[in-house]
Amino acid sequence: MVKIIMHGCNGKMGRMITEIIKEDEYAAIVAGVDTYTETANEYPVFDHIRSCDIEADVVIDFSNAKAVDELLDFCVEKNLPVVLCTTGLSEEQSEKVQKVSEKIAVLKSANMSMGINLLLKLLKEAAQVLSPAGYDIELVEKHHNQKLDAPSGTALAMADAINEALDNTCTYVYDRSQVRKKREKKEIGISAVRAGTIVGEHEVLFAGTDEVIEFKHTAYSRSVFAKGAVEAAKYLKGKNSGMYDMGDVIEF
Ligand SMILES: NC(=O)C1=CN([C@@H]2O[C@H](COP(=O)(O)OP(=O)(O)OC[C@H]3O[C@@H](n4cnc5c(N)ncnc54)[C@H](OP(=O)(O)O)[C@@H]3O)[C@@H](O)[C@H]2O)C=CC1
Ligand SMILES: O=C(O)C1=N[C@H](C(=O)O)C[C@H](O)C1
């Protein structure tokens, strides 16, 4: 049995994980942390990670980028592995995550779904064939109107996977409105749409002369992220310090 602290337990993802874990005999939430502590849940909810004095095996974090520094400090002090799912971290925070992983096990992934993690592999292959053949690469992501960060962590992870496959030779272009020149070959365009209740859509276009190849992932429910996060927590329990990702959890 994996005992989990759910950081951000009353948010959209925290509530989804609380639901799906009820059906799981190998994992349980033993405590939650959120700014809003009213709860009908079976576990206690604390208003701050530092107030949480419940013994656990792993923390799952779906909260807010502003909350991540203190969470990481807490996990190091308690020697607690952490599944870090919050997106929109600054460069300094990403560096801190790397440093912290020298002391505890950290599994960081901008997207916990199987589909996106497979797509990250496929995109590398496609880019290595299509970019040298002159295809332009553009990424479009769509999310609900409550999302704080843009572009999405997943869109950035996709761009990074493609860029890595192309020996980090690409530049990212987020906004063409001020760029008064033609597109460069080694650009990756990244566009964000925020509307309604869209759970998450990511589309990558490889556009050549007279043909376009499109890769598209649509999440119809947050359960795909929630299930991945719980599997990640099970995987991370008792692991040595280091950086892990969903590629370690899902074996293709
Ligand atoms: N990796 C992945 O697969 C996925 C990642 N995400 C990312 O996860 C994060 C959360 O997403 P989502 O659940 O939709 O967002 P929500 O805003 O619905 O939930 C986040 C919750 O965390 C709370 N919170 C804020 N500050 C703290 C704090 N200091 N300690 C504890 N809880 C806090 C929020 O409270 P309040 O509302 O008062 O701020 C809120 O209840 C986002 O960064 C999102 O991009 C989302 C889906 C999938
Ligand atoms: O905020 C969300 O909702 C999501 N965020 C993640 C991201 O930024 O990539 C993953 C998912 O698409 C949902």
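This is a predicted model: local features need pLDDT of at least 70, side-chain atom pairs count only at pLDDT 80 or more; totals for chains, interfaces and linings use all residues.

Residues are numbered from 1 along each chain as its sequence is written, and chains are lettered from A and ligands numbered from 1 in the order in which they are written.

Start with helix α6, residues 223–236. Helices here are DSSP runs of H or I with at least four residues, numbered from the N terminus. Of the 14 residues of α6, 10 are buried, so this helix is largely enclosed by the rest of the structure. Buried means that 20 or more other C-beta atoms, placed from the backbone, lie within 10 Å of the residue's own. Among the buried ones are Phe225, Tyr235 and Leu236. Just after α6, Gly238 has a positive phi of about 75°.

Next, the pair. The axes of α4 (residues 114–130) and α5 (residues 153–165) come within 8 Å and cross at roughly 35°. Axes are lines fitted to C-alpha atoms over the stretch in contact, with angles from 0 to 180 degrees between N-to-C directions. Leu120 and Leu123 of α4 and Met158 and Ile162 of α5 are among the contact residues, contact meaning C-beta atoms, placed from the backbone, within 7 Å.

Last, which residues are around ligand 2? They include Thr87, His143 and Lys147; around means a C-beta atom, placed from the backbone, within 6 Å.

Terms used. Helices (H or I, at least four residues) and strands (E, at least two) are DSSP runs, numbered from the N terminus. Two residues are in contact if their C-beta atoms, placed from the backbone, lie within 7 Å. The expected span of a helix is 1.5 Å times one less than its number of residues. A residue is buried if 20 or more other C-beta atoms lie within 10 Å of its own, exposed if 12 or fewer, and partly exposed in between; C-beta atoms are placed from the backbone.
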